[in-house]
Amino acid sequence: MFLSTQAKTLVKTKYVELICVALLILLIIMTPPEWERMEFLFILLIPIVLSAKHFCFEYDKLKKSIVYTGIFILTSLFSYALHIWQLTWELTHPNGLFGWQIKIDPLLYAIPFNDGMWLRQFSTPVLDDLFVLIYAHGFVLCLFALVIYFILSGQPHKIVHAMFAGHFVQYLLILPFHFWVDGHQVWLIQNQVAGTQFADPIEGYRSETEPIVPSLNHVFPSMHTSIATVVIMMALREAARPVKWFFVSLNAAIIISTVYLGIHWVVDVLGGIIFGIFTFKLAERIMNITWIKNQLRLEKDRAVMTTETHSNQLSQ
């Protein structure tokens, strides 16, 4: 009887998954081209929907998840405002904080194979469009999509982890690099030094993502890479295979796109990976602070009790 009930539940879940995926595909098709970011979000929701068997709609968890998500959104907005302030500040302080900067362009250009031109030999129009799409939108939306999954799967503590490991803490920690390290994007340096005629690879997107002034001089470390590294590390801990492998693959592609598009140097990517691992581990340390740890342990105990109760109901 238990197996039969479980089998029926799985079949129903699969039907719901297929219906939701069909609706998402329909939304992607119907979404106007100018709402490209919304289309990208719908794509990110597909592996989440395909992981419906891992969803948990226990009331206490949902309530905590909504509260934590609100805090996550507020801190993300703060990070964005901080980024805009910093770019605005640079307009009147081009020589860095206290009039001091480390100019790293000559070093970046001198390192063999650091420009990533070896990757550009595989360039095609389709790959160009694909990498521009995931570079422009993945930085903002991948971590947010994981938060949506954490809400639906009843993992509010991971929302807190995403907040501390993601944009909020990373923007704070990366400010010294923005103030004092001056290194420009690959395509720009190639044009200036080698006389090439590369166009801005994300022209048309900067007005949306960086409305004050293009941050062409903030290459080290690559924050696209550090955020993608955090998403990969969080996704690898998930039991849901669609979520795990989709987000790992997509964010690996985001890291590749930073070099493929001629935006970041290889050294920037290596620095971004190290920076992402550091913030991920730092977030774990923050979450081990006594009062946070006690709160999360209480949530885990409640989750175990809820799972045991659910299993007992199915077995009866």
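Predicted model: local features only at pLDDT ≥ 70, side-chain atom pairs only at ≥ 80, totals over all residues.
Buried means under 20% relative accessible area, exposed means over 50%, and partly exposed lies in between.

I looked up F246 first. Its relative accessibility is 27%, so F246 counts as partly exposed. Then I checked F247. F247 has a relative accessible area of 0%, so this residue is buried.

**Entry: aromatic pairs**

I asked how many aromatic pairs the structure holds. The count is 9. I picked out W89 and F179 from the list. Their ring centres are 5.1 Å apart, with 75° between the planes, and the pair is edge-to-face. I then checked where the two residues sit in the chain. W89 belongs to helix α3, while F179 belongs to helix α8, residues 167-180. They are 90 residues apart, and the pair links distant parts of the chain. Buried or exposed, I wondered about W89 and F179? Both are buried.

Next I turned to the rings of F246 and F247. Their centres are 5.4 Å apart and their planes stand at 80°; planes over 60 degrees apart count as edge-to-face, so this pair is edge-to-face.

I also looked for a cluster. W85, W89, F179 and W180 make up one aromatic cluster.

**Entry: α3 against α6**

I moved on to helix packing. Helix α3 spans residues 59-92, and helix α6 spans residues 125-152. They pack at an angle of about 165°, and their axes are 9 Å apart. Angles over 145 degrees count as roughly antiparallel, so α3 is roughly antiparallel to α6. The crossing of α3 past α6 is right-handed.

I listed the residues that meet. From α3 they are L62, S65, T69, F72 and I73; from α6 they are L143, F144, V147, F150 and I151. I sorted this contact by class and found 8 nonpolar residues, 2 polar and no charged.

**Entry: α6 against α12**

I stayed with α6 and looked up its packing with helix α12, residues 241-260. The angle is about 135°, and the axes are 9 Å apart. This angle makes α6 oblique to α12. The crossing is left-handed.

Which residues of α6 meet α12, I asked? Among them are L127, D128, F131, I134 and Y135. On the α12 side, I noted V243, F247, L250 and N251 among others. F247 was already in my notes as a buried residue.

Key:
Residues numbered from 1 in each chain as written. Heavy atoms only, no water. Axes fitted to C-alpha atoms, helices over the stretch in contact; angles between N-to-C directions. Helix = DSSP H or I, 4+ residues; strand = E, 2+ residues; numbered from the N terminus. Parallel < 35°, antiparallel > 145°, perpendicular 65-115°, else oblique. Left-handed = near helix turned anticlockwise from the far one by under 90°. Contact = heavy atoms within 4.5 Å. Nonpolar A, V, L, I, M, F, W, Y, C, P; charged D, E, K, R; others polar. Phe/Tyr/Trp six-rings, centres within 6.5 Å; stacked < 30°, edge-to-face > 60°. Buried < 20%, exposed > 50% of the residue type's maximum accessible area, 1.4 Å probe, protein only.
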